[in-house]
Amino acid sequence: MPSEITTVTGTAVHLLLDDIDTDRIIPARYLRCVSFDGLHDHVFKDDREHDPNHPFNDERHQDAEILLAGRNFGCGSSREHAPQSLMRWGIRAIVAESYAEIFFGNCTSLGIPAVTASREDLEKLVETVKADPAAQLTVDIEKKQLTDGDTTIPIDIPESARHALVTGQWDFLSQLVENRDAVKTTAERIPYMSGYAN
Amino acid sequence: MSDTRNLFNKVWDLHTVGTLPSGQTQLFIGLHLIHEVTSPQAFDMLRERGLKVMYPDRTIATVDHIVPTDNQARPFADGLAEEMMSAIEKNCREFGVTLLDLKDDRQGIVHAVGPEQGLTQPGVTVACGDSHTSTHGAFGTIAFGIGTSQVAHVLATQTLAMNRPQVKRVEVNGELAPGVFAKDVILYIIRRLGVKGGIGYAYEYAGSTFDAMTMEERMTVCNMSIEGGARCGYINPDETTVEYLRGRPFAPQGEAFEKAAEWWLSLASPSDAEYDDSVTFDAADIEPTVTWGINPGQSVGVSEEIPAVSSYPKEEQTGVQEALSFMELQAGQSMQGLKIDVAFIGSCTNGRISDLREAARIAEGNQVAPGVKALVVPGSQQILKQAEEEGLHKIFEAAGFEWRAAGCSMCLAMNPDKLQGREICASSSNRNFKGRQGSPTGRTLLMSPAMVAAAAVNGCVTDVREMLEPVGV
């Protein structure tokens, strides 16, 4: 069952580029599967093969649990395979300047806090991580702040997602299922549900 | 007091089941479309929890992404594709969902099938595990692309947990010049508003340019809302919408149709509707458009040059440089004359009958340039049948285009249709992302189907207006 997610502490991997689309996070040919198992092998597959220096190739970042990213992260295709592949690679929180909305929703459904920070703060964090890949960062979803040693920066997350994560209610399926009677009542008042008979 | 809610808010309110502890709305979904790529794990989630599909009649399945467009004999040569195909067959059988498979002449790209079968109707909330679900907004629906966990939510409860987006009215007025198509309009809007411009918004497309469009053109516009960052996009229903739906298999029939039509038209945003933001463009400023970069906002009018890097905001310049270097293009360069290797006409954006007709007009009597591989892939079996009845396939084949079976094909290359190496593809699809068309280093130029046909016969990017018959005197 889902747990309460209030903080994520770990080392970080940085990818401070804008408009990283989900085809880049996981190219479409790796969506030929009927389960999400094993997707971690394909995260940023093409980018990693063409750039030996890609941060996800860097030995020092292999245990990273926090991803630092740019603006409009996760744009394009709605494939949940994208956050699934990141999660299965080891990412437990993402700090970016902004997100594409479907990707953000998918992250929340998986219990991955996707928080935002200013570009300036992200740039500083990337410098910290480059200088010391073992630096431990703490993303505090409850207090909406990120700590890096002695430094604390503000982060943000929409209240609905923050609430869902910190109360452990990010498994929306069980909540939605509980309201099935209300769903039926709603359906009854919608003209097309009765073939426009009413 | 008059109701000043725009269509989006009226439809949202009608479908609101309640407010969740997170503050999100639990929203009823009237039409759920599923396909083979994003549904297998969702059915497994239902199995794990012992849940059933709550309204099996409100979900329709088809197969499109992995479907080979040449040899469709089963089992498929690609074992993984075959496994996905078997999974959707088994899941639909087990959970009581109608599947329009390859043997069914209603099969096709999910966003072509919904409208042509009359499943997509004004005032319906639509969801599908595919970001181009925004296509259905052409009918005055609110239509969301969703992830696989959310597909499970809709299967089990017919609802989604959603935050209500704001609504931005995107107005375009005036007539489109010859050679300028719906695709050019949406590429222009994305270029002007940016690929992040729509974040947090639903786009309402309004104004005389959209009023004059056919439903197919409206679908092309709404299809690419997601490329502009919008959560969805829609156009208010009008007589064009009603007439399109009349007589379609899943549309109401007889008296019920007239009642439905009255309700559909009543949903349109009133002239005094309220919006969170608005922007206005002039159709006269839009010319045939081509992308030069690696996101759909990086485009130019075909008579223009690629803008200087310095003309972009500072924070975007790194991305612009990356795009130019990947594409091996330079600022100041014209796209006209750029050699292509592949021409692709198809996809949920531009694989409908009117797209094929426009492309055939350009192809007719011409030959695909030597060395260019050109594919025409109808969006659905119904479109394919219609095109063959009109003899379009003969025009394409005589001109040297390959005429294929319905599917997503080279739009995203989850099937055998792929770019090789550094090939450059003139494509009527929706995304020019790095690697999108199957080769990690392949390059995509997005444009209208007529522009793709023009590029195919000339072997390079061409202003389609030079190939049109003069109109009038």
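**Entry 1: a pair in helix α5 of chain A**

I started with A:Glu123 and A:Arg119, which sit four residues apart in helix α5 (residues 119-131) of chain A and are therefore separated by about one helical turn. Helices here are DSSP runs of H or I with at least four residues, strands are runs of E with at least two, and both are numbered from the N terminus. The model is predicted, so local features need pLDDT of at least 70 and side-chain atom pairs count only at pLDDT 80 or more, while totals for chains, interfaces and linings use all residues. Residues are numbered from 1 along each chain as its sequence is written, chains are lettered from A and ligands numbered from 1 in the order in which they are written, and side-chain values use heavy atoms, with hydrogens and water left out.

The two side chains form a salt bridge, with the closest N and O atoms 3.6 Å apart. The rule asks for a side-chain nitrogen of Lys or Arg within 4 Å of a carboxyl oxygen of Asp or Glu. A:Glu123 is partly exposed, at a relative accessible area of 41%. For that scale I used under 20% relative accessible area as buried, over 50% as exposed and partly exposed in between (1.4 Å probe, protein chains only).

What network do the shared partners build? Salt bridges join A:Asp18, A:Arg71, A:Glu97, A:Arg119, A:Glu123 and B:Glu315 into one network. I checked B:Glu315 next. B:Glu315 pairs with A:Arg71, and their closest N and O atoms are 3.7 Å apart.

**Entry 2: other salt bridges**

I noted the total: 46 salt bridges over all chains. Side chains of opposite charge can pair when their charged atoms come close.

I looked at B:Asp78 and A:Arg32, whose salt bridge is 2.6 Å, N to O. B:Asp78 lies in the loop between β4 (59-62) and α3 of chain B, and A:Arg32 in the loop between α1 (22-25) and α2 (45-50) of chain A, so this pair joins two chains. B:Asp78 is partly exposed at 24% relative accessibility. A:Arg32 counts as buried at 18%.

I then took A:Arg92 and A:Glu65, which meet at 2.8 Å, N to O. This pair links distant parts of the chain, 27 residues apart. A:Arg92 is in the loop between α3 (81-89) and β4 (93-96) of chain A, and A:Glu65 is in the loop between α2 and β3 (66-69) of chain A. A:Arg92 is partly exposed at 38%. A:Glu65 is partly exposed at 25%.

**Entry 3: the interface**

How many residues does each chain bring to the contact? Chain B gives 79 and chain A gives 58. Contact means heavy atoms within 4.5 Å. The area buried between the chains is about 5,700 Å², and carbon and sulfur atoms give 60% of it. Buried area is the accessible area (1.4 Å probe) lost on putting two parts together, summed over both. B:Gln41, B:Lys196 and B:Phe433 supply 9% of the area that chain B buries against chain A, more than any other three residues.

I found six salt bridges across this interface. I also found 25 residue pairs in polar contact, both residues at pLDDT 80 or more. A polar contact is a pair of N or O atoms within 3.5 Å; within protein, one must be able to donate a hydrogen and the other to accept it, and residues adjacent in sequence count only if both atoms are side-chain atoms.

Elements giving two or more residues on the chain B side include α2 (40-49), α5 (148-157) and α10 (254-266). α5(B) gives the most, with seven residues.

**Entry 4: B:Asp355**

I looked up B:Asp355, in helix α13 (residues 353-363) of chain B. B:Asp355 is buried yet has no salt bridge. The nearest side chain of opposite charge, B:Arg352, is 4.4 Å away. Lys and Arg count as positive and Asp and Glu as negative; His and the chain ends are not counted. A polar atom of the B:Asp355 side chain lies 3.3 Å from the backbone nitrogen of B:Gly351. Beyond its neighbours within four places in sequence, B:Asp355 is in contact with B:Thr349, B:Asn350 and B:Pro449.

**Entry 5: chain A and A:Gln84**

I counted eight helices and eight strands in chain A. Of its 198 residues, 62% are buried. A:Gln84 is in helix α3 of chain A. Is A:Gln84 buried or exposed? A:Gln84 is buried, at 4% relative accessibility. Leaving aside neighbours within four places in sequence, A:Gln84 is in contact with A:Phe36, A:Leu39 and A:Leu110.
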